[in-house]
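Hi everyone, thanks for coming. Let's take a friendly walk through a few helices together.

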Amino acid sequence: MKKALITGITGQDGSYLAELLLEKGCEVHGIIRRASTFNTSRIDHLYNNPGIRDKRLFLHYGDLTDSVQMVKLLYALQPDEIYNLAAQSHVRVSFDIPEYTGDVVGLGAQRILEAVRETGLIKKVRYYQASSSEMFGKVQTVPQTEATPFWPRSPYGCAKLYAHWLTVNYRESYNLHASSGILFNHESPRRGETFVTRKITRAATRIKAGLQDELILGNLDAQRDWGYAKEYVEMMWLMLQQDKPDDFVIGTNETHSVREFCEEAFGLLDLDWRHYVKHDTRYERPAEVDLLIGNPAKARKQLGWEPHARIPARRRFRRRLRIPDQARKSARPHQHRQRHRRSHPRAYRNRRGSSRLPRPHHLGHNQTRRHPAQAARHLQTGHPRLAREHPVARRYRKNRRHISQRKGSGEIAHVAATLLQWRLKSHQTAQAKKPTINSSVHGFIFFEPPVRVSGAG
């Protein structure tokens with residue numbers, strides 16, 4: 001029977017991994033910190049099972065800041081696999097306690113790796129390091145892969161990067177079977193309530209039940225690749241079953257903004273999130289990570305792993321038609337947005353504040369709305385003046401942050417045509433079939449077990 005040692009066993013990933021390893025027939029040992037309050041709620045269903053406790057599941061007191069205790073544990077246990085999941089994992093908090101974050105996340109991995117070498121387990125043990133997508137930070141390529149350069153933008157990201165490169169160094173220097181899983185955001189019902197996904201789902205249900213009035217968040221435009229934690233821990237185990245250690249990006253290759261997540265979560269309860277979600281700059285990071293999206297092609301090819309739980313497609317076909325992120329990016333020549341701009345800037349709205357595309361008067365009454373194909377053709381072929389005078393094009397031309405005066409009418413025509421073509425596509429798709437929203441994908445989006453409310457969905 002294999003012995004596995006898990007640091008951070010009481011966390012989201014640690015609890016799911018413990019379940020998986022017990023199913024695989026392993027003897028599981030977990031390290032927990034001594035505290036005056038109980039912090040084992042995620043594994044109580046395992047630890048309180050008389051057929052498992054002290055037979056196949058064992059808990060030991062320890063801390064990643066205590067290298068002596070780590071050496072003692074490895075001498076006593078002689079594990080076959082080590083999963084280092086423990087961390088101070090809240091990115092925003094890492095700006096407030098950077099020294100502690102670096103000590104636990106960065107030097108903690110150093111202490112484990114050196115304890116493995118000190119106890120002579122280099123050739124026996126297999127080591128997994130929980131790396132993070134936060135190491136990419138200011139991303140250099142989209143989507144991110146194992147070859148993407150790192151550019152961390154938080155103390156947490158820097159500490160994770162230190163631990164990641166230590167893992168690579170021990171693998172190359174001492175021939176240790178050490179692998180890193182660069183995991184993008186992964187959620188579940190066991191996610192901590194201070195993380196944004198649980199904050200949103202928990203607040204939505206409490207608002208529906210009349211127990212809460214509003215939700216205060218930071219950057220709503222941050223885009224993340226969200227997956228399901230229970231699927232991701234399977235990848236951790238698969239990495240250590242390979243003959244050759246390696247590093248793998250684990251994600252869904254999809255990205256969604258916090259704003260979209262709010263819309264989806266509140267929408268499942270028939271609530272308009274804009275009435276309840278408030279923005280506060282105090283919750284923003286000093287250095288923001290705008291976009292994260294991971295490409296798991298390597299994991300798919302070498303390990304046969306594929307994510308199944310995904311965020312449902314956005315409900316795009318409503319009465320209030322809005323310009324999507326895809327059209328906005330294709331129409332904008334510059335990649336970077338101003339920090340203060342909202343997801344739906346006023347440049348895309350008409351004077352009455354409606355989210356519909358503005359109707360150019362020279363294309364006829366309601367022509368843009370009723371005949372988007374004709375309007376798009378007018379803008380694309382033979383009518384540069386119409387394209388130049390289109391309200392969307394005029395706003396872009398006026399706003400030098402997006403289109404400079406050096407750009408010709410052809411690019412401005414492309415901008416307006418792109419937006420109208422998207423509307424045509426939306427119109428045709430909506431007529432063909434309205435998309436359905438699956439709110440029960442492994443309980444992924446709406447995973448909060450709230451107070452039962454009639455009509456909560």
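This is a predicted model: local features need pLDDT of at least 70, side-chain atom pairs count only at pLDDT 80 or more; totals for chains, interfaces and linings use all residues.

**Helices and how they meet**

Residues are numbered from 1 along each chain as its sequence is written, and side-chain values use heavy atoms, leaving out hydrogens and water.

Back to our pair: the axes of α3 (residues 67–77) and α5 cross at roughly 45° and come within 9 Å. Axes here are lines fitted to C-alpha atoms, for helices over the stretch in contact, with angles from 0 to 180 degrees between N-to-C directions. On the α3 side, S67, M70, V71, L74 and Y75 meet R111, I112, A115, V116 and E118 of α5 (contact means heavy atoms within 4.5 Å).

What angle do α5 and α6 make? Helix α5 (residues 98–118) packs against α6 (residues 155–174) at about 15°, with the axes 8 Å apart. These two are therefore roughly parallel to each other.

Finally, look at α8, residues 229–240. Ten of its twelve residues are buried (under 20% relative accessible area, with a 1.4 Å probe and protein chains only), so α8 is largely enclosed by the rest of the structure. Among the buried ones are Y232, W237 and L240.

Conventions: Helices (H or I, at least four residues) and strands (E, at least two) are DSSP runs, numbered from the N terminus. The expected span of a helix is 1.5 Å times one less than its number of residues. Buried means under 20% relative accessible area, exposed over 50%, partly exposed in between (1.4 Å probe, protein chains only). Angles under 35 degrees count as roughly parallel, over 145 as roughly antiparallel, 65 to 115 as roughly perpendicular and the rest as oblique.
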